[in-house]
Amino acid sequence: VIHVAIHPSQFPDQVRADLLKSLRARAIQHKFHYESYKQAQKWLAVHEAHSPARNDSGCAAVYDEAFRWAAGKFQRADVCVIGLGCGGGHKDAALLGCLKTAGIRPVYSAVDVSLSLVIMARLRAAGFAESTTGLVCDLEMADGIQDQLCGCRAAQRVLTFFGMIPNSEPDVILPRLRKLLRRGDVLLMSANLAPGADYAAGVKRVLPQYDNAQTADWLLTFLYDVGVEPGDGKIDFSIEQGAADLLRIWADFEFQRARTVKLGDETVQFAAGERVRLFYSYRYTPERLKSVLAKFDFTISEQWITPSEEEGVFAVQA
Ligand SMILES: C[S@@+](CC[C@H](N)C(=O)[O-])C[C@H]1O[C@@H](n2cnc3c(N)ncnc32)[C@H](O)[C@@H]1O
């Protein structure tokens, strides 16, 4: 048995209210693509097939370098690693392994909206950490989680925020991330980047990592689970201008016939021709990330960019 803490932001009534809000707004919060066991499995398969972190040895090397840098920051043996949006925990486990090799005895706290992924990340970390804890919460809205982040008394903390900034509006997630940091914390974040000198061309180059049948199948799982049927419409992927001069890749579902979705005694109606925003992913460049972070009082102290320029790891200070 393992015990996992559940924050009120993921209590059933709140999740139901968020779900209705997403459907009515025709804009689905990203958390709804990871919540069920089925979605977590499908996302892990997409990640395995299309993420540079899993397929590009240059990418693994860059994370490794960042982790060795982080391990060198600590004099004391007790360090708490807090994986914010831990996913399957592959990167956090690699960081823990690196800390362990450096003689540190890390403890690990997995934080994610998906119970399934929190459990998987903890199991993956177990071989490298002295102990593990888990917190299920919605990082875009959870208040008062600072004291819940790490159950141990370790004075030194590493917070990881891997692959998280692309899927949230910067002005929603970054002030919240800022509040979670304590003096002396090490924050490592990673971002999907647009490769090359031509920003728009770089974003276009990585579009196939999203615009593929496996990613479509993962994203459509949400709609089919709320009662949309396969013949009701089609999914489209493209690129648009988002916040702060950033481009983002999006996926929309366009209804080709009317559909009524029922959630208990509530209904949401979709007419033929209506579109629902299922997903977006901001693509940064190191310079763009630096200027977005600066607006929220963060500075980049170190950065490690993959040879493909498609992903970067950043040590960030508040
Ligand atoms: C792109 S994945 C990154 C996972 C992992 N950090 C990695 O780099 O492989 C995004 C993760 O954020 C989680 N997530 C999405 N929305 C969230 C939210 N509002 N609050 C907390 N976690 C969220 C998902 O469940 C998923 O594990």
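## The ligand and its contacts

An N or O atom in the side chain of D112 sits 2.5 Å from an oxygen atom of the ligand. Keep in mind that this is a predicted model. As for how much of the ligand is covered, the protein buries 91% of the 590 Å² that the ligand exposes when taken alone.

Zooming out, the ligand has 19 residues around it, and the closest are G85, K91, D112, D138 and F162. Sorted by class, that shell comes to nine nonpolar, five polar and five charged residues.

Over in strand 8, which covers residues 247-255, you'll find D252. Is D252 buried or exposed? D252 counts as buried because its relative accessibility is 7%, and the cut-off for buried is under 20%.

The D252 side chain has polar contacts with two arginine side chains: R277 at 2.5 Å and R275 at 3.1 Å.

Which residues make the nonpolar surface patch of about 380 Å²? They are I6, F11, Y37 and L115.

Of these, I6 belongs to strand 1, a run of residues 5-6. I6 has a relative accessible area of 39%, so it's classed as partly exposed: that class lies between the 20% limit for buried and the 50% limit for exposed.

Definitions and conventions
Residues numbered from 1 in each chain as written. Predicted model: local features only at pLDDT ≥ 70, side-chain atom pairs only at ≥ 80, totals over all residues. Heavy atoms only, no water. Patch = residues over 30% accessible without salt bridge, like charges linked within 9 Å, V, L, I, M, F, W, Y side chains within 5 Å. Areas by Shrake-Rupley, 256 points an atom, 1.4 Å probe, with all protein chains shown as cover. Salt bridge = Lys/Arg side-chain N within 4 Å of Asp/Glu carboxyl O. Helix = DSSP H or I, 4+ residues; strand = E, 2+ residues; numbered from the N terminus. Buried < 20%, exposed > 50% of the residue type's maximum accessible area, 1.4 Å probe, protein only. Near = heavy atom within 4 Å. Polar contact = N/O pair within 3.5 Å; in protein donor to acceptor, adjacent residues only side chain to side chain. Nonpolar A, V, L, I, M, F, W, Y, C, P; charged D, E, K, R; others polar.
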